[in-house]
Every structure is written in structure tokens, then in C-alpha cells.
Amino acid sequence: SSDVCSSDLYRFKRYKKIDVEMATFATKVMHAKCEKEQVDIKEHEFTLEDVKTYLAEDCVLLLRLDSGYMHEGASVLDAHYYTIWDFLDGEFIIMDPLEGEKIMSEADFKIAFDAVKERCKRDHKMIVFGPENRNGKK
């Protein structure tokens, strides 16, 4: 439901009431637009195995990961979104907006994935783009 977003925002001290109200309004507008366009929206818990399953189905993922583990030497305690292109031979192919394409072992990826909840205290979030959105990239 669109109310999930507004309640999630209260966890972050830097947000003011007006920020939460604006995010709630924007969420409702975008949700209505997506419904009108018949965009399939699902909200549910997911695991690392689910991530790998979507990738095996040739989907492209926009996934929240702990950015402190994504950049060598970074001690940042924050989660950002990364494009996940594929999972091949035990490695994830990731498009990092800061560093470009990178390859990450499953073990390292799992650390960045798990740290979103454990270290950053945020929920896992993911947008799944179907295979038709790959534009030939594989």
C-alpha cells in the first residue's frame, strides 16, 4: 500500500513532517499513475535467493545495498540503489553509479545485501524490470 512509504520515513531523524507529507503525496500520485498504466506492483519480503531467481529470468534489478561495502575503504553507513545486471558463475554483475560496471562475488554481495537491515537499519527494497527492458545487454 502507498502508506508504507510514509511510515518508513519517520525512522530517519533528518526528515521533517513536511518532507514526509510530500513523500506521501508523491507516492499516492505515482501509485495512481502506475495503476492507470497497469504497472504490476507487488510489495513483499524477499531474499538473496529471490534476487538470483529474478536474474536467472533475465530481469534487471534496481536493488538497495549497503554502500559502505560497495566501495573499498568506505565507512559510510547508508544504503543506495544499484543496478544488478546478472549473476554468472557465482558473481554478480553490477552497475555502480560511482565506479561503473563491477563484478562482485556472491559472498561479498551477501554482506552488502544483509548489511542493509543489520547495519543500515533499513528494509530491503527492489524494483524488478522484466527481460524486455534489457535493451540487448547481457
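Predicted model: local features only at pLDDT ≥ 70, side-chain atom pairs only at ≥ 80, totals over all residues.
Student: How many aromatic pairs does a search of the whole structure find?
Tutor: Three. Rings of Phe, Tyr and Trp (its six-membered ring) pair if their centres lie within 6.5 Å; planes under 30 degrees apart count as stacked, over 60 as edge-to-face and the rest as tilted.

Student: Why is the pair of F46 and F113 called tilted?
Tutor: The ring centres of F46 and F113 are 6.2 Å apart and the planes stand at 55°, so the pair is tilted. F46 sits in the loop between α2 (17–36) and α3 (48–56), while F113 belongs to helix α5 (residues 106–118). They are 67 residues apart, so the pair links distant parts of the chain. Helices (H or I, at least four residues) and strands (E, at least two) are DSSP runs, numbered from the N terminus.

Student: What makes F92 and F109 a stacked pair?
Tutor: Their centres are 3.7 Å apart, with 15° between the planes. Stacked is the word for planes under 30 degrees apart. F92 lies in strand β3 (residues 91–96) and F109 in helix α5, 17 residues apart. F87, F92 and F109 form one aromatic cluster.

Student: How do you know whether F92 is buried or exposed?
Tutor: Buried means under 20% relative accessible area, exposed over 50%, partly exposed in between (1.4 Å probe, protein chains only). F92 has a relative accessible area of 0%, so it is buried. F109 also has 0%, and is buried. Both F46 and F113 are buried too.

Student: What makes β2 and β3 paired strands?
Tutor: Two strands pair if DSSP finds at least two bridges between them. Strand β2 (residues 79–88) and β3 have five, in the antiparallel sense. T83 has M95 in β3 as its bridge partner. Two residues lie between the strands of this hairpin, where D89 takes a positive phi near 50°.

Student: How many bridges join β3 to β4?
Tutor: Six join β3 to strand β4 (residues 100–105), and the two run antiparallel. They form a hairpin with three residues between them. E91 has S105 in β4 as its bridge partner.

Student: Why is β1 described as largely enclosed?
Tutor: Six of the seven residues of strand β1 (residues 60–66) are buried, so the rest of the structure largely encloses it. β1 runs antiparallel to β2, with six bridges. R64 is partnered by Y81 in β2. Four bridges join β1 to strand β5 (residues 126–129), also antiparallel. There L63 stands opposite M126.

Student: Which residues of α3 are buried, and why are they said to be on the same side?
Tutor: They are L48, V51, K52 and L55. These residues cover an arc of only 95° around the axis, which puts them on the same side of α3. The arc is that of the directions from the helix axis to the C-beta atoms. An α-helix has 3.6 residues a turn, so residues three or four places apart point the same way.

Key: Residues numbered from 1 in each chain as written. Heavy atoms only, no water.
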